[in-house]
Amino acid sequence: METTNDLLPTVADANERFRTIRELGSGTYGRVVLALDRELQQRCALKILQKSTTKYRDFHREYNYSIVLSAHRSIINTFAGRCFQTADAYIIVQEYAPLGDLFESIPPQRGLPERAVKTIMKQVASALEFMHEQGLVHRDVKPENIMIFDADFRKVKLIDFGMTRRCGSYVRRLIGSIPYSPPEVCDAHSNDILVSSSMDVWAFGVLLFCSLTGNFPWEHAQESDVYYNEYLQWLRHHQMQSRYKLPSQWYKFSSRLMRIFRKMLDPDPLKRCEIIEISKYYDDRWINDQFNSHRRSSNEDEGVEEDFSSSGSGTECNTINSSTTSNTDFEELTQLMRNSLTGFDNLLTNDNLKSSSSAATAKTCC
Ligand SMILES: Nc1ncnc2c1ncn2[C@@H]1O[C@H](COP(=O)(O)OP(=O)(O)OP(=O)(O)O)[C@@H](O)[C@H]1O
């Protein structure tokens with residue numbers, strides 16, 4: 001029998017201790033509010049998981065992982081002693097991130113400057129590496145789950161351990177996928193999917209692309225997706241050492257960055273690199289100079305790039321500007337995903353969704 005009173009103190013009136021200030025976000029399983037802890041006179045984030053929609057087992061798992069992982073400097077701090085439950089909900093009390101999440105900071109169709117992305121990715125990679133060392137897989141790496149604490153991105157933290165599972169365990173296949181889902185999840189035939197840290201590596205690669213471009217590389221990592229298929233064709237030719245035109249949405253990246261993309265975004269999970277691999281690339285230039293809209297000078301030396309001038313059957317390479325590089329619109333698609341997370345009723349009333357194939361896929365994670 002499940003018991004709910006062994007883990008958290010039950011509070012009759014949460015308002016006695018916490019004053020709600022405003023809603024910070026909502027997701028599949030609950031909502032997050034900014035509150036003032038009256039006792040400590042400190043602002044904090046309350047993640048409210050309704051008992052009607054959250055099994056005790058799921059809350060218990062997320063709570064425990066959140067506490068254990070708090071030890072890492074790039075993972076959100078969960079205050080074990082302050083969490084509580086009411087008659088209706090479990091409340092996880094966490095430190096408040098004043099600058100919101102990374103999604104809100106990425107300029108759509110433009111992306112963040114290379115330097116900022118490197119600063120962010122170093123921290124996210126370190127957090128994921130820590131998780132993987134503990135034998136845990138996050139399974140929901142995306143910009144909405146990376147919180148920002150300062151304008152220079154020197155302090156960012158990973159949140160949301162609701163999907164986290166032990167490496168080597170099995171999870172039920174979900175219907176649909178999101179752009180961060182790896183191909184083995186998108187294409188899963190069996191009902192049970194083996195959890196592996198390589199899932200996070202794939203999502204990290206997509207996150208890297210999104211942060212640098214403000215676009216998604218594809219909507220789904222499936223051959224039926226034209227952008228994914230283009231990437232796949234290019235990758236296959238590259239592996240056979242034959243020349244093939246790099247799809248235009250990858251055109252701005254240096255050959256070094258394309259190398260790490262190939263290692264992280266390998267369709268075969270067994271061939272994917274570890275998260276730590278990225279650390280070998282921080283000193284390299286990631287964006288080709290002529291495409292770097294954030295650069296100050298245009299006349300710096302360039303590395304030798306691959307495939308740019310070769311002919312092939314891939315998409316025509318376009319000059320980089322906001323319209324030609326946009327494949328899957330980052331802002332629209334992520335907004336669709338966010339809207340969908342607020343409830344299925346909203347999905348049906350949102351005009352945007354009616355014309356988008358992502359509607360049915362938006363409710364799931366990798
Ligand atoms: N500590 C925090 N400080 C500030 N905002 C936060 C904090 N935690 C969460 N949020 C906001 O609330 C949103 C949802 O949080 P969270 O991902 O934990 O909920 P969820 O229900 O698990 O969401 P999802 O279904 O998307 O995984 C985040 O994207 C973020 O914008």
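Start with the salt bridges: this predicted model has 16 of them.

Select lysine 47 and glutamate 62. Their side chains meet in a salt bridge, 2.7 Å from N to O. Lysine 47 sits in strand β3 and glutamate 62 in helix α1 (residues 56-69), so the pair ties together parts that are 15 residues apart in sequence. Lysine 47 is buried, at 14% relative accessible area. Glutamate 62 is buried too, at 6%.

Stay on helix α1 and pick aspartate 58 and arginine 61. Their closest N and O atoms are 3.2 Å apart, a salt bridge. About one helical turn separates the two. Aspartate 58 is partly exposed at 26%, whereas arginine 61 is buried at 18%.

Next, go to lysine 280 and glutamate 277. This salt bridge has its closest N and O atoms 3.1 Å apart. Lysine 280 is exposed, at 55%; glutamate 277 is buried, at 12%. Then select Arg17, Asp37, Glu39 and Arg82, which salt bridges with shared partners join into one network.

Now select the ligand. It is surrounded by 22 residues, and the closest are Thr28, Glu95, Asp101, Glu144 and Asp160. Domain 1 (5-94) and domain 2 (102-364) both give residues to this shell, so the ligand lies between them. By class, the shell holds ten nonpolar, five polar and seven charged residues.

A polar backbone atom of glutamate 95 is 2.8 Å from a ligand nitrogen. A backbone N or O atom of glutamate 144 lies 2.8 Å from a ligand oxygen. Lysine 142 places a polar side-chain atom 3.3 Å from an oxygen atom of the ligand. The protein covers 96% of the 620 Å² of accessible area that the ligand has on its own.

Key
Residues are numbered from 1 along each chain as its sequence is written. This is a predicted model: local features need pLDDT of at least 70, side-chain atom pairs count only at pLDDT 80 or more; totals for chains, interfaces and linings use all residues. Side-chain values use heavy atoms; hydrogens and water are left out. A residue is near a molecule or strand if one of its heavy atoms lies within 4 Å of it. A polar contact is a pair of N or O atoms within 3.5 Å; within protein, one must be able to donate a hydrogen and the other to accept it, and residues adjacent in sequence count only if both atoms are side-chain atoms. Accessible areas come from the Shrake-Rupley method with a 1.4 Å probe; for residues, only the protein chains shown count as cover. Ala, Val, Leu, Ile, Met, Phe, Trp, Tyr, Cys and Pro count as nonpolar, Asp, Glu, Lys and Arg as charged, and the others, Gly among them, as polar. Domain bounds come from an automatic or database domain assignment. A salt bridge is a side-chain nitrogen of Lys or Arg within 4 Å of a carboxyl oxygen of Asp or Glu. Helices (H or I, at least four residues) and strands (E, at least two) are DSSP runs, numbered from the N terminus. Buried means under 20% relative accessible area, exposed over 50%, partly exposed in between (1.4 Å probe, protein chains only).
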